[in-house]
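Reader: I am new to this structure and would like to go through it with you. Could you show it to me, please?
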Amino acid sequence: MRRGRRPKWMIDIANERMNILFSMAKKEFSVNPDRSHRYVSLARKISKKYNTKIPTKWRRSYCKKCYKFLDPSKNSSIRLKQGKIHIKCNQCNEIMKIPYINEQKEKRRAKIEYYSIKKRNNE
Amino acid sequence: MKCYDLNIKGNSYNCNKELILEAHRLGWDYFNLLFSPESYEKAIKYKNNLRDEIEDIIINNLRNKIGLEFGIEIHPKNQNELYKLTKKYRNKTKFISVLGGDLGVNRGVCENIQVDVLSRPYLNLPSCGINHVLAKEAVKNYVAIELCFNDILSSYLSYRSKIMAHFREIIKLHKKFKFPLIITSGASSIWEIRSPRDISAIFKYLDLFEDEFNNTIQNYPQKIIEFNNERENMIILGVKKI
Amino acid sequence: MITSKNVFYHELIGLYSKVVKSYNEFLVGINGNIIDERKKTISIETEKGVKIIPKNVSIFHLLLPNGEWVEIDGKILVNRPEDRIKKKYKKL
């Protein structure tokens with residue numbers, strides 16, 4: 001078997017398949033949650049085999065420890081604490097922490113630019 | 001019973017017409033005219049005219065339904081040439097047969113799923129041209145192996161006896177491995193056509209009995225033609241649009 | 001996009017399907033959406049419950065999202081679902 005990077009058409013199909021699986025998992029979660037956990041594990045197998053990242057839209061929608069599908073307010077809780085997003089999985093009590101400092105910096109920069117433009121207009 | 005003849009050498013328009021009428025009188029129902037790749041493009045233009053004219057002539061006959069199809073016969077020298085030619089002509093025509101006579105070419109044809117028929121594998125060889133390895137490959141890829149009755153007719157003395165020995169060996173392999181076997185009259189003029197019953201009488205002497213002979217003349221050709229008609233809709237082996 | 005040219009590489013979960021021919025006669029006629037796939041079986045959700053069907057002895061009809069119908073022999077699907085992308089098939 002050839003190791004390393006796969007040809008482009010394989011990576012395209014792998015990305016489409018992961019998208020289909022996650023959207024099915026979201027649809028099925030309210031009725032039978034066991035299936036949606038199974039779909040997440042299928043999607044992770046594809047991503048491991050073909051060296052592709054899981055799509056950015058779905059990256060926060062499964063637990064990093066027990067690999068189960070997370071639906072906010074039914075299965076998990078989201079809080080903002082100390083400059084980080086805290087996503088808590090209710091099955092295994094694991095807390096994923098994702099910093100949002102880049103967004104904060106952008107907000108500050110926009111604020112300064114807004115005031116400096118306003119001052120020049122007054123002069 | 002319907003009789004299929006998959007190998008008739010094509011010529012000019014009038015010659016083709018005479019050949020088909022004579023063969024129809026003797027009891028054949030389906031005709032496959034084979035051309036070389038250069039003359040095929042000219043011949044395909046008058047195919048519909050030829051069919052209409054023949055159907056007008058035999059309209060009084062009881063079995064007045066005939067099948068007519070044109071195909072290509074190629075003569076490759078080695079395996080690389082074989083792959084190039086089959087890729088080039090597969091989409092243009094519905095029937096491809098390859099002339100054997102070289103052990104390398106015979107092997108290449110049996111492993112190639114794009115070819116329909118391996119024609120005359122025993123040509124110019126001391127042995128029959130097929131062994132147990134090629135027979136297993138031919139079953140896998142459904143490549144039919146063709147015995148040409150014209151070879152017995154046009155040869156003489158020791159050459160004739162050698163060819164009949166080759167036939168007997170191929171039939172022996174056919175009974176063991178069950179690859180598709182086809183018997184045709186490779187006729188190029190009206191004097192070389194014989195009726196199906198005459199051919200069956202000779203092949204009975206070569207250990208091919210009546211129900212097996214009916215398979216070679218009816219069932220295997222029918223399967224090949226049905227598969228070729230559905231080849232456009234198939235994407236790979238096993239997947240089909242409806 | 002799932003088209004008729006890449007169904008056998010693509011995801012089967014979520015497609016509507018029908019069993020046309022099978023070694024076991026009682027499985028013929030089962031239809032519904034596919035909900036799971038393993039190495040040798042496919043499971044279909046019907047009105048009477050989830051049915052598990054072996055791949056290598058049956059033939060399926062699939063309805064693609066763009067409205068086409070495709071007939072697939074189950075023998076070429078026998079593989080792990082993530083390994084089907086890199087398997088090599090013979091071209092006709």
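Reader: Which residue stands opposite B:Asp5 in strand 2 of chain B?

Author: B:Asp5 stands opposite B:Phe31 there. Strands are DSSP runs of E with at least two residues, helices are runs of H or I with at least four, and both are numbered from the N terminus. The model is predicted: local features need pLDDT of at least 70 and side-chain atom pairs pLDDT 80 or more, while totals for chains, interfaces and linings use all residues. Residues are numbered from 1 along each chain as its sequence is written, and chains are lettered from A and ligands numbered from 1 in the order in which they are written.

Reader: How many bridges join strand 1 to strand 2 of chain B?

Author: Four bridges join strand 1 to strand 2 (residues 30-35), and the two run parallel. Two strands pair if DSSP finds at least two bridges between them.

Reader: In what order do the strands of the open sheet come?

Author: The seven strands of this chain B sheet follow the order 1-2-3-4-5-6-7, with parallel pairing. Strand 1 and strand 7 of chain B are the edges, each pairing on one side only.

Reader: Are the faces of strand 7 of chain B covered or uncovered?

Author: Both faces are covered. B:Leu181 and B:Ile183 are buried on one side, and B:Ile182 and B:Thr184 on the other. A residue is buried if 20 or more other C-beta atoms, placed from the backbone, lie within 10 Å of its own.

Reader: Moving on, where is the kink in helix 10 of chain B centred?

Author: The kink, of about 40 degrees, is centred on B:Thr216; the bend at a residue is the angle between axes fitted to the seven residues ending there and the seven starting there. B:Thr216 is also buried, as are B:Ile217, B:Tyr220, B:Pro221 and B:Ile224.

Reader: What covers those buried residues of helix 10?

Author: The cover includes strand 1 (4-9), strand 6, strand 7 and helix 9 (196-205) of chain B.

Reader: And the other chains: which two have the most contacts?

Author: Chains B and C do, among the two pairs that touch. Twelve residues of chain B are in contact with 16 of chain C, contact being C-beta atoms, placed from the backbone, within 7 Å. Strand 8 (residues 239-241) of chain B runs antiparallel to strand 6 (residues 69-73) of chain C, joined by three bridges.

Definitions and conventions. A residue is buried if 20 or more other C-beta atoms lie within 10 Å of its own, exposed if 12 or fewer, and partly exposed in between; C-beta atoms are placed from the backbone.
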